[in-house]
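This briefing goes through one structure by topic. It takes the fold, the sheet, a helix, the core and the ligand shell in turn.

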Amino acid sequence: MKQFSPINPATFSSGIPLIDLSKPDSKNLLVKACEEFGFFKVINHGVPTEFISSLESEAVKFFSMPLSEKEKAGPPEAFGYGNKCIGPNGDVGWVEYLLLRANPGFDEQRLASIFGRNTEFTSCAVDDYVSAVKRMACEVLELLADGLKIQQRDVFSKLLMDEQSDSIFRVNHYPPCPELQGDTNGRSLIGFGEHTDPQIISVLRSNNTSGLQISLRDGSWISVPPDQNSFFVNVGDSLQVMTNGRFKSVRHRVVANSSKSRVSMIYFGGPPLSEKIAPLASLMEGEEDSLYKEFTWFEYKKSAYKSRLADNRLGLFEKI
Ligand code: GA4
């Protein structure tokens, strides 16, 4: 069993690892956070506030349009506007969303052609935001490679930087659900059901409305207090595989709020479709065997889209 040194309160925020990217010791804390939680909060991230606020205000404007207008940008397969239905296999949630490719300009051009020139999501706000967040995600991945003592610093980040990187950008709107107010039975409504993210890394920013919860290693759930000035980062299934299970992809979900609307923007950093996802040779100590069968990101993605949200998608690729 691996032993961890005692928790230092300065590196936690409400029980969640807190990483200050401007501090020199961040790489070791990042490794610990990915091993213990698969999740952490990032401050001093370097993403300009104006990129965040202008995209948020475009998102708010978009979601406040009449449903019939928004539906012109749907259905979401594979990209566009979606409402309540998540993925192709019957999952539903109290959420509406936009799914976009994270490659510059791509889907904004499509949305511009649907809505006309001056509508929301036609400006460069998405590009500015996604480029800055991707840069930060790459910095985190390089610090992680360093922290893991891998010689090739860009071993993870190069997959996001690749022109063919299959990365996604998602904007979620969880409308308030007044029926939940004063519910004495403590019932809650699922906004986005529990799942792990299939990609390498996900970077989330939300407004100041709560709702996000993560599952700890013992299976218990904790609420993540919202912080609109910080980012929250998830380890995805692919990073779990590349580290041969050393990092854990975190199960997470969002519960609806009774009075406030929640807006979140998530960048999912994925590899090119042809990329082999396998444990890095440099991380395999001695006789250590790969815990996973070999697969490409294309194969994993194909199988993920046949699954339900809550399924253990990596299960199919584990060696017995
Ligand atoms: C979870 C992470 C991302 O939001 C996402 C989701 C995708 C979708 O909404 O279309 C999936 C889900 C996510 C995993 C399993 C499949 C695919 C819905 C679903 C039931 C965009 C992604 O890449 O995988």
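Helices (H or I, at least four residues) and strands (E, at least two) are DSSP runs, numbered from the N terminus. On that basis the chain has 8 helices and 15 strands. This is a predicted model, in which local features need pLDDT of at least 70 and side-chain atom pairs count only at pLDDT 80 or more, while totals for chains, interfaces and linings use all residues. Residues are numbered from 1 along each chain as its sequence is written.

**Chain overview**
- Of the 320 residues in the chain, 39% are buried (20 or more other C-beta atoms within 10 Å of the residue's own, with C-beta atoms placed from the backbone).
- Contacts (C-beta atoms, placed from the backbone, within 7 Å) between residues at least 6 apart in sequence join residues at least 24 apart in 71% of cases.

**Sheet**
- An open sheet of 9 strands has the order S1-S2-S3-S11-S8-S13-S6-S5-S4, with mixed pairing; two strands pair if DSSP finds at least two bridges between them.
- Strand S1 (12-13) and strand S4 (80-86) are at the edges with a single partner strand each, so one side of each has no neighbour in the sheet.
- Strand S2 (residues 16-20) pairs with strand S3 (residues 39-43) in the parallel sense over 3 bridges, and Ile19 has Val42 as its bridge partner in S3.
- Helix H2 (residues 49-63) lies across S5, S6, strand S8 (201-206) and strand S13 (262-269), at about 115° to S13 (axes are lines fitted to C-alpha atoms, for helices over the stretch in contact, and angles run from 0 to 180 degrees between N-to-C directions).

**Helix H1**
- The buried residues of helix H1 (residues 26-36) include Ser26, Leu29, Leu30, Val31, Ala33 and Cys34.
- Their cover includes S2, S3, helix H5 (125-147) and strand S11 (231-235).

**Nonpolar core**
- A nonpolar core is a set of buried Ala, Val, Leu, Ile, Met, Phe, Trp, Tyr and Cys residues joined through C-beta atoms within 7 Å.
- The largest one has 74 residues, and Leu30, Leu144, Ile201, Val203, Val233 and Tyr267 have the most contacts inside it.
- H5 gives the most to this core, 11 residues.
- Beyond its neighbours within four places in sequence, Ile201 contacts residues including Ala137, Val140, Leu141, Val233 and Gly269.

**Ligand shell**
- Among the 16 residues around the ligand, Ile86, Gly87, Asp197, Ala304 and Leu309 come nearest (C-beta atom, placed from the backbone, within 6 Å).
- Strand S5 (91-101) and strand S6 (168-174) are the elements that give two or more residues to this shell.

Note on methods
Contact = placed C-beta atoms within 7 Å. Buried ≥ 20, exposed ≤ 12 C-beta atoms within 10 Å, placed from the backbone.
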